[in-house]
Amino acid sequence: ISDIADGGKNVLLFEEHNSNELADLMEKVLTNQSLQQCLSENAVTVGRSFSYESARRDWKEIVNYTVES
């Protein structure tokens, strides 16, 4: 998850089992339009990195590297 989760940019992180912190973050997202926009835009950017084409390209590089080694 740390590969894709960038605290404050595309995800809001909270301490495990801390329902008060989660509630505070939920309220923050619901009431802050600029935060909503930021999280949304960055989530789309991250999502694009997991496309079929990028996965195909990554696997092709791995296979080529393995064959050449």
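The text below goes from the whole chain to a single residue.

The model is predicted. Its chain holds three helices and zero strands, and the order along the sequence is α-α-α. The radius of gyration is 17 Å, well over the 11 Å that the globule rule gives for 69 residues, so the chain is more spread out than a compact globule. Along the principal axes, the C-alpha atoms fill a box of roughly 50 × 25 × 15 Å.

Of the 69 residues in the chain, 7% are buried. Among contacts with a separation of 6 or more, 42% join residues 24 or more positions apart.

| Item | Value |
|---|---|
| Accessible surface of the chain | about 6000 Å² |
| Share of the accessible surface from carbon and sulfur atoms | 55% |
| Positive side chains | 6 |
| Negative side chains | 12 |
| Distance between the centres of the two charge sets | 12 Å |

Where is His 17 found? His 17 lies in the segment before helix H1 (19-31). The phi of His 17 is near 70°, a positive value in a residue other than glycine. Most residues other than glycine have a negative phi. Is His 17 buried or exposed? His 17 has 75% relative accessibility, and because exposed means over 50%, His 17 counts as exposed.

Definitions and conventions: Residues numbered from 1 in each chain as written. Predicted model: local features only at pLDDT ≥ 70, side-chain atom pairs only at ≥ 80, totals over all residues. Heavy atoms only, no water. Helix = DSSP H or I, 4+ residues; strand = E, 2+ residues; numbered from the N terminus. Rg over C-alpha atoms; globule rule 2.2 N^0.38 Å. Buried < 20%, exposed > 50% of the residue type's maximum accessible area, 1.4 Å probe, protein only. Contact = heavy atoms within 4.5 Å. Areas by Shrake-Rupley, 256 points an atom, 1.4 Å probe, with all protein chains shown as cover. Lys, Arg positive; Asp, Glu negative; His and termini not counted. Charge placed at Lys NZ, Arg CZ, Asp CG, Glu CD.
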